[in-house]
Amino acid sequence: MRLSAEQIFLAGVKQVLPDALIRAQLKREADRLVIAGRDVPLPRSLYLLAAGKAAALMAKAAEEVLGALITDGHVVTKYGHGLPLERIALTEAGHPLPDAAGVEATRRMLSLARQAGADDLVLCLLSGGASSLMADLPDGATLDELAAANELLVKSGADIWAINCVRKHLSAVKGGQLAAAAAPANVVSLILSDVVGDDIGVIASGPTAPDESIFADAMALVFAGLDMITSIPFPVRRS
């Protein structure tokens with residue numbers, strides 16, 4: 001019975017490995033892509049962007065499926081989680097605290113997104129950890145200040161909704177802003193959830209999802225729930 005239980009457990013784990021999930025949801029046919037069961041016309045150019053602790057595995061599987069269809073791309077993942085990729089660049093960066101490598105990788109990802117045109121596809125692969133790994137500096141802030149603010153957030157005891165609400169308003173990539181940068185291209189995201197309830201606006205701070213929060217929500221959390229308005233070293237971005 002123990003052996004049977006182990007086999008059942010391992011079979012279940014195998015089915016939810018990041019690369020297996022991507023292969024199951026991403027198919028290429030002669031004149032189209034099938035992504036999560038939906039037909040997507042073959043684009044003129046395809047940009048592959050991936051962020052998170054599972055991003056390298058996800059991107060490698062996507063490369064295997066898409067091959068030469070990929071025009072360019074970039075992956076940012078945690079130190080020690082990288083893999084050799086054939087068609088896109090990969091950066092290992094700081095997690096849970098952002099670092100300079102993450103800032104540079106995020107700059108490159110935004111640059112690629114802005115290159116996409118109306119006939120192009122930006123395929124985003126997101127997993128847990130992307131909120132820290134996709135790092136950018138608010139106007140007037142330093143990297144040390146950004147890291148300090150993130151450390152305050154993760155140690156605050158707040159839930160992930162509250163933490164990522166504040167993170168969105170310290171960023172020009174989170175809260176749907178990566179998708180906005182890619183407009184008018186078609187943007188498709190495949191997301192591995194590490195958030196209870198699978199709210200796509202919360203997972204990875206929702207870089208390709210509409211942001212239902214506003215500046216006042218973030219400030220209210222800082223004033224009340226997070227109790228650290230005097231500690232955050234720079235202004236929260238207004239939106």
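Salt bridges and pockets in a predicted model

Modeller: A search of the whole structure finds zero disulfides. The model is predicted, so local features need pLDDT of at least 70 and side-chain atom pairs count only at pLDDT 80 or more, whereas totals for chains, interfaces and linings use all residues. Residues are numbered from 1 along each chain as its sequence is written, and side-chain values use heavy atoms, with hydrogens and water left out.

Biologist: What makes the contact of Arg23 with Asp19 a salt bridge?

Modeller: A salt bridge is a side-chain nitrogen of Lys or Arg within 4 Å of a carboxyl oxygen of Asp or Glu. The closest N and O atoms of Arg23 and Asp19 are 3.6 Å apart, and the pair therefore qualifies. The structure holds nine salt bridges.

Biologist: How are Arg23 and Asp19 placed in helix H2?

Modeller: They are four residues apart in helix H2 (residues 18-25), so about one helical turn separates them. A helix here is a DSSP run of H or I with at least four residues, numbered from the N terminus. Asp19 is buried at 17% relative accessibility, whereas Arg23 is partly exposed at 32%.

Biologist: What does the pair of Glu64 and Arg23 tie together?

Modeller: The side chains of Glu64 and Arg23 meet in a salt bridge at 3.0 Å, N to O. Glu64 lies in helix H3 (residues 55-66) and Arg23 in helix H2, so the pair joins parts that are 41 residues apart in sequence. Glu64 is partly exposed, with a relative accessibility of 48%.

Biologist: What makes a region a pocket, and what volume has the largest pocket?

Modeller: On a 1 Å grid over the protein atoms alone, a pocket is an open set of points with protein on both sides within 12 Å along at least five of seven lines; lining residues have an atom within 4 Å of a point. The volume, the space filled by probe spheres set on points joined across faces, edges and corners, is about 210 Å³ for the largest pocket. Its lining has 18 residues, of which Gly128, Gly129, Ile160, Arg167 and Asp194 lie nearest its centre. Helix H5 (130-133) and helix H7 (160-168) each supply at least two residues of this lining.

Biologist: Which residues line the second largest pocket?

Modeller: Among them are Trp161, Cys165, Lys168, Asp199 and Glu212. This pocket holds about 170 Å³ of space.

Key. Buried < 20%, exposed > 50% of the residue type's maximum accessible area, 1.4 Å probe, protein only. 1 Å grid on protein atoms, 1.4 Å probe; cavity = no way out; pocket = protein on both sides within 12 Å on 5 of 7 lines; lining within 4 Å. Disulfide = S-S within 2.5 Å.
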